[in-house]
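Hello,

Here is the structure I promised to pass on. Please open it first, then read the notes below it.

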Amino acid sequence: MDFSYPKAEKLKSKKIIDLLFTEGKSVSKYPLRLVYLKHDFEEDVPLKIGVSVSKKYFKNAVDRNYFKRILRESYRLNKTLLIENTDAKYCFMFFYQTNEKLSYQEINQKTIQLFEKFVKILKEEKA
């Protein structure tokens with residue numbers, strides 16, 4: 001399986017990000033939140049994802065960047081959960097929403113639980 005995180009999978013479009021916040025749905029697994037929207041973009045990738053850590057929780061850019069790196073890494077290692085269970089193209093915004101400094105292992109475990117919860121919601125919508 002491909003565990004890369006290529007440039008084409010990075011969510012950069014301001015229009016799509018605005019759409020995510022106006023029309024997107026959300027799923028949470030404390031302290032992570034995933035806002036998602038089915039969207040047909042030009043690139044031949046099944047997912048586009050952006051990560052965010054609020055300045056409200058971490059004032060120092062060093063800390064925000066550290067948690068963004070961890071979120072991207074946990075997405076990269078666990079994105080197969082999403083790809084194998086979705087048939088449409090999706091855009092995601094991935095948030096870290098607490099001021100607690102959780103370890104990489106804890107965040108990775110919560111990411112897996114969050115992705116499984118998202119897949120469960122998708123299956124319920126189809127049924």
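**Lys48 and its strand**

Lys48 is found in strand E3. Helices (H or I, at least four residues) and strands (E, at least two) are DSSP runs, numbered from the N terminus. Please keep in mind that this is a predicted model, where local features need pLDDT of at least 70 and side-chain atom pairs count only at pLDDT 80 or more, while totals for chains, interfaces and linings use all residues. Residues are numbered from 1 along each chain as its sequence is written, and side-chain values use heavy atoms, with hydrogens and water left out.

Is Lys48 buried or exposed? Lys48 is buried, with a relative accessible area of 7%. Buried means under 20% relative accessible area, exposed over 50%, and partly exposed in between (1.4 Å probe, protein chains only). A polar atom of the Lys48 side chain lies 2.9 Å from the backbone oxygen of Ala8. Contact means heavy atoms within 4.5 Å. Leaving aside neighbours within four places in sequence, Lys48 has contacts that include Ala8, Glu9, Phe41, Glu43 and Tyr90.

Now take the whole strand. Seven of the seven residues of E3 (residues 47-53) are buried, so E3 is largely enclosed by the rest of the structure. In a regular strand the side chains alternate between the two faces of the sheet. Leu47, Ile49, Val51 and Val53 point one way from E3. Lys48, Gly50 and Ser52 point the other way.

**The partner strand**

Strands pair if DSSP finds at least two bridges between them. Seven bridges join E3 to E4 (residues 90-96), and the two run parallel. Lys48 stands opposite Cys91 in E4. The chain crosses from E3 through helix H2 (residues 61-85) to E4, in a left-handed β-α-β crossover.

**The core**

A nonpolar core is a set of buried Ala, Val, Leu, Ile, Met, Phe, Trp, Tyr and Cys residues joined through side-chain atoms within 4.5 Å. The largest has 27 residues, and Phe92, Phe94, Tyr96 and Phe118 have the most contacts inside it. Helix H3 (104-126) gives the most to this core, with six residues.

**The whole chain**

The protein chain has three helices and four strands. Along the sequence they follow the pattern α-β-β-β-α-β-α. Of the 127 residues, 41% count as buried.

Best wishes

Notes. A crossover is right-handed if, with the strands pointing away from the viewer, the path from the first strand over the helix to the second runs clockwise. A polar contact is a pair of N or O atoms within 3.5 Å; within protein, one must be able to donate a hydrogen and the other to accept it, and residues adjacent in sequence count only if both atoms are side-chain atoms.
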